[in-house]
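I opened this model to look up a few local features and note them down. The entries follow in the order in which I checked them.

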Amino acid sequence: MTSHPFNIETIGIVGTGAMGRGIAQIAAQAGLAVRLYDTNAQAVAAASAYLADTFAKLAAKGKISDADAQTALEHVTGVNTIDGLAGCDLVVEAIVENLDAKRILFRELETVVSGKCLLASNTSSLSITAIAAACTDPTRVVGYHFFNPVPLMKVVEVIDGLRSDPAGGDALMALARRMGHTPVRARDMPGFIVNHAGRGMNTEGLRVAGEGVASFADIDRIMREQAGFRLGPFELLDLTALDVSHPVMESIYHQFYEEPRFTPSPITGVRLAGGLVGRKSGEGFYRYVDGKQQVPDEPAAPTTLPARVWVSRRNAEARVAVLALAARTGVAIDEGDAPSADSLIVVAPLGLDATTAALEEQLDASRVVAIDTLFPLAGAKRRTLMTTPATTRAARDAGHALFAADGVPVTVIRDSTGFVAQRIVATIVNIGCDIAQKQIASPRDIDLAVTLGLGYPHGPLALGDALGARTILTILRNIHAVLGDPRYRPSPWLARRAQLGLSLTQPDAADAGLSNASNEAPQ
């Protein structure tokens, strides 16, 4: 492959919607000459006016100087024909997410720009290789996927197609840094990094809800307050809107040939058909009044504590945490090898449901409650309690009172393999590991892309390390064993590193010195 010398000072942008405007803004502020083009001349004028207003507002707020605002605006030129893009060093396509439309555009661009012009697509889900196949010179076609709103979302995916010149990707990596963004490098695979990794939170949250384990609001509360995510899956889906997120779910699922890890849910299909797409429609998984999310109140916690508590010895670390919490309430501890007839029975399974945990230890399921200890009980903002189908209301309420006695809210859910947080977090980690296993991106770029693109507290690999790779592996294996669903089969990346005691962020030792996806296009 012969490399082109890509020197980028003038950038053309085709498509003047939210993405095109955002890319134009950061490019102009970085000192690049920007040419805006759209088949609709009025859209070009509207985008130019929007950018003038944006730069003026930034100056009024003191975020840039008046002189910088004027200079940035002078860098933007609207053009009314595609011929106006001649002389550009880079053209970024930000049009409708349709493969045929993009191919037609790229073929036309090739007749306008010079042979040294780099062509980039802002596609979020279509194959760069497939787009480039329409071109006479596919080597200069690269993916350049920004996130909305572009000025605030400081990450951009640089995607190498099968025929992309690595120098093109290198040039876009450098350009991203010049524009104040963090670039991550990916191989051309469905969903690239961020939309691929995002399947864990959303699809598993939908799976939990679809099993009737907990309400949308309760699942969000658990993921936000117990697991520490900024948004739960349904808050996130309402924010992105189902008319955007549901087609992406289906697209990635089908592009991976019905991979069980990415199976969409009929929940979103039905809600999309009914127009309940999220915040922008005023109703999604939540209702919105004057833009404010309406969240159902939680019932008050019971206050009657159990007479005494027996805690399973299966998970030694969890037992210590539960006993420490119980001791602060003054509840008597049943130290017997088996629970007494009047004791509340507490188990703390990893990946198992409460029913399986009770049966394995030959416990009275009517008195069993299960507590999720994946995240620390002490200092928690929320705890999750799970019952078997046979658990009595008295036992459920006693368990609720016990774990809420210090004022921490407790969410009580129906029986579920892996509670809520365990199965969603384990799925997030597992998919991140599989992205690394398939060499779609480097471990570093996977975690960078997810933290910046999705706002997670940690990238999936770092999250697995923080909670313990062996713990995540145990959760997945137990869920898989109980349900028999290949969705939960552990990634080889996770299984091997967990068993060897290695960090999930650690590349294979044998790869040392080889090219990294962050620096060179994977082959």
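Is Q439 buried or exposed? I found Q439 exposed, at a relative accessible area of 53%; the cut-offs are under 20% for buried and over 50% for exposed, with partly exposed in between, using a 1.4 Å probe and protein chains only.

Ground rules, before going on. The model is predicted, so local features need pLDDT of at least 70 and side-chain atom pairs count only at pLDDT 80 or more, while totals for chains, interfaces and linings use all residues. Residues are numbered from 1 along each chain as its sequence is written, and side-chain values use heavy atoms, with hydrogens and water left out.

**Backbone entries**

I placed Q439 in the loop between α16 and α17 (443-454); helices (H or I, at least four residues) and strands (E, at least two) are DSSP runs, numbered from the N terminus. Q439 is not a glycine, yet its phi is positive, near 60°.

D290 is another non-glycine residue with a positive phi, about 55°. I located D290 in the loop between β9 (287-289) and β10 (292-294), and D290 is exposed at 82% relative accessible area.

I also noted a cis peptide bond from N148 to P149, with omega near -5°. P149 sits in the loop between β6 (141-145) and β7 (155-160).

**Helix α12**

I listed the buried residues of α12 (residues 266-273): I267, T268 and R271. An α-helix has 3.6 residues a turn, so residues three or four places apart point the same way. On the other side of α12, I found P266, V270 and A273 exposed.

The cover over the buried residues of α12 includes α8 (199-210), α9 (216-226) and α11 (242-255). At the N-terminal end, S265 caps α12, with a side-chain oxygen 3.0 Å from the backbone nitrogen of I267. Just after α12, G275 has a positive phi of about 80°.

**Cores and cysteines**

I took a nonpolar core as a set of buried Ala, Val, Leu, Ile, Met, Phe, Trp, Tyr and Cys residues joined through side-chain atoms within 4.5 Å. The largest such core holds 103 residues, and L85, V91, F229 and V425 have the most contacts inside it. Helix α16 (residues 421-437) supplies the largest share of this core, 10 residues. Apart from this core lies another of 41 residues, including V34, L36, V76 and V92.

I then listed the contacts of L85 (heavy atoms within 4.5 Å). Beyond its neighbours within four places in sequence, L85 touches residues including G12, R35, Y37, V91 and L109.

Which cysteine sulfur is closest to that of C88? The closest is in C117, at 6.1 Å, which is too far for a bond. With a disulfide taken as a pair of cysteine sulfur atoms within 2.5 Å, I counted 0 disulfides. C88 is buried, at a relative accessible area of 2%, and C433 is buried at 0%.

**A buried arginine**

R185 is in strand β8 (residues 182-187), and I found R185 buried at 0% relative accessibility. Its side chain makes polar contacts with the side chains of D160 (2.7 Å) and D170 (3.0 Å). A polar contact is a pair of N or O atoms within 3.5 Å; within protein, one must be able to donate a hydrogen and the other to accept it, and residues adjacent in sequence count only if both atoms are side-chain atoms.

**Salt bridges**

I counted 31 salt bridges, each a side-chain nitrogen of Lys or Arg within 4 Å of a carboxyl oxygen of Asp or Glu. E9 and R178 form one of them (3.2 Å, N to O). This pair joins the segment before β1 (10-14) to helix α6 (residues 166-178), 169 residues apart. E9 is partly exposed at 37%, and R178 is partly exposed at 36%.

E110 pairs with R140, with closest N and O atoms 3.8 Å apart, and both residues are buried. My last entry is a network of salt bridges that links D218, R221, R224, E225, E235, E298 and R382.
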